[in-house]
Amino acid sequence: MTEHTADSRVSAALERGQIILFDAECVLCSKNAQIVLTHDKARRFYLAPMQGAVGADLSRRHGLDPENPTSIAVVGKSSVHTDSDAIIAIYAALGWPWRLVALLRIVPAPVRDPVYRLIARNRYRLFGKRAECWLPTAEHRARML
């Protein structure tokens, strides 16, 4: 994929919704991606693995290291959410019962984020690491960048 093609796909995705940058080697992160693709009935989220060219470029643009991903990110036209704010933004948009996660907003980010970061730092040990990046099903490929 050329840089121009990738940029146009990113622009088109941001016109229609938001892009989730995730670690496709992480079992937990990949499961989260599968949940999003399955339950995002409005099809507002697109996903970009940080290990891919598009995801790596977007990660760098938003201050994340794709070689050592320490956070998930939700990129919108005019906003970027990371850490626990990203998780809350994703699940709040998925509808019932997933939107119950939005109740975590009552907990201040300085309290939520250290818990998120602890899990993120230990995600491979706790949940496993894939030898190969997770790939979506044929029906969800159009939402992958």
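1. Pro97 is placed in the loop between α4 and α5. The peptide bond that joins Trp96 and Pro97 is cis, with omega at about -5 degrees. Helices (DSSP runs of H or I, at least four residues) and strands (DSSP runs of E, at least two) are numbered from the N terminus. The model is predicted, and local features need pLDDT of at least 70, side-chain atom pairs count only at pLDDT 80 or more, and totals for chains, interfaces and linings use all residues. Residues are numbered from 1 along each chain as its sequence is written, and side-chain values use heavy atoms, with hydrogens and water left out.

2. The two helices on either side of that loop also pack against each other: the angle between α4 and α5 is about 95 degrees, and their axes are 7 Å apart. Axes are lines fitted to C-alpha atoms, for helices over the stretch in contact, and angles run from 0 to 180 degrees between N-to-C directions. The pair is therefore roughly perpendicular, on a scale where under 35 degrees counts as roughly parallel, over 145 as roughly antiparallel, 65 to 115 as roughly perpendicular and the rest as oblique.

3. On the α4 side, Asp83, Ser84, Asp85, Ile87 and Ile88 make this contact, while α5 contributes Arg112, Asp113, Tyr116 and Arg117. Contact here means heavy atoms within 4.5 Å. By class, the residues involved are three nonpolar, one polar and five charged. For this count, Ala, Val, Leu, Ile, Met, Phe, Trp, Tyr, Cys and Pro are nonpolar, Asp, Glu, Lys and Arg are charged, and the others, Gly among them, are polar.

4. With a relative accessibility of 9%, Asp83 counts as buried. The classes are buried for under 20% relative accessible area, exposed for over 50%, and partly exposed in between (1.4 Å probe, protein chains only).

5. Two further residues have a positive phi. Arg43, in the loop between α2 and β2, has phi near 55 degrees and is not a glycine; its relative accessible area of 41% makes it partly exposed. Within α3 itself (residues 53-61), the residues Val54, Gly55, Ala56, Leu58 and Ser59 are buried.

6. The largest nonpolar core has 21 residues, and those with the most contacts inside it are Ile20, Phe22, Phe45, Leu47 and Ile90. Such a core is a set of buried Ala, Val, Leu, Ile, Met, Phe, Trp, Tyr and Cys residues joined through side-chain atoms within 4.5 Å. At least two of its residues come from each of β1 (18-22), α2 (27-39), β2 (45-49), α4 (83-93) and α5 (109-121). The largest share, five residues, is supplied by α2.

7. Leaving out residues up to four places away in sequence, Ile20 touches Val36, Phe45, Tyr46, Leu47, Ala48, Ile72, Ala73, Val74 and Ile90. A second, separate core holds 15 residues, including Leu14, Leu21, Met50 and Leu64.

8. Asn32 lies in helix α2 and is buried at 11% relative accessible area. Its side chain makes a polar contact of 2.4 Å with the side chain of Tyr91. A polar contact is a pair of N or O atoms within 3.5 Å; within protein, one must be able to donate a hydrogen and the other to accept it, and residues adjacent in sequence count only if both atoms are side-chain atoms. Beyond four places in sequence, Asn32 touches Ile72, Ile90 and Tyr91.

9. Val10, in helix α1 (residues 3-16), is buried with a relative accessible area of 8%. Apart from neighbours within four places in sequence, Val10 is in contact with Ile19, Val54, Leu58 and Leu145. Val10 and Ala48 are 38 residues apart along the chain, and their C-alpha atoms are separated by 9.5 Å.

10. Ser79 is in the loop between β3 (73-75) and β4 (80-82). At 27% relative accessibility, Ser79 is partly exposed. Not counting residues up to four places away in sequence, Ser79 touches Gln18 and Val74. The C-alpha atoms of Ser79 and Met144, 65 residues apart along the chain, lie 20 Å from each other.
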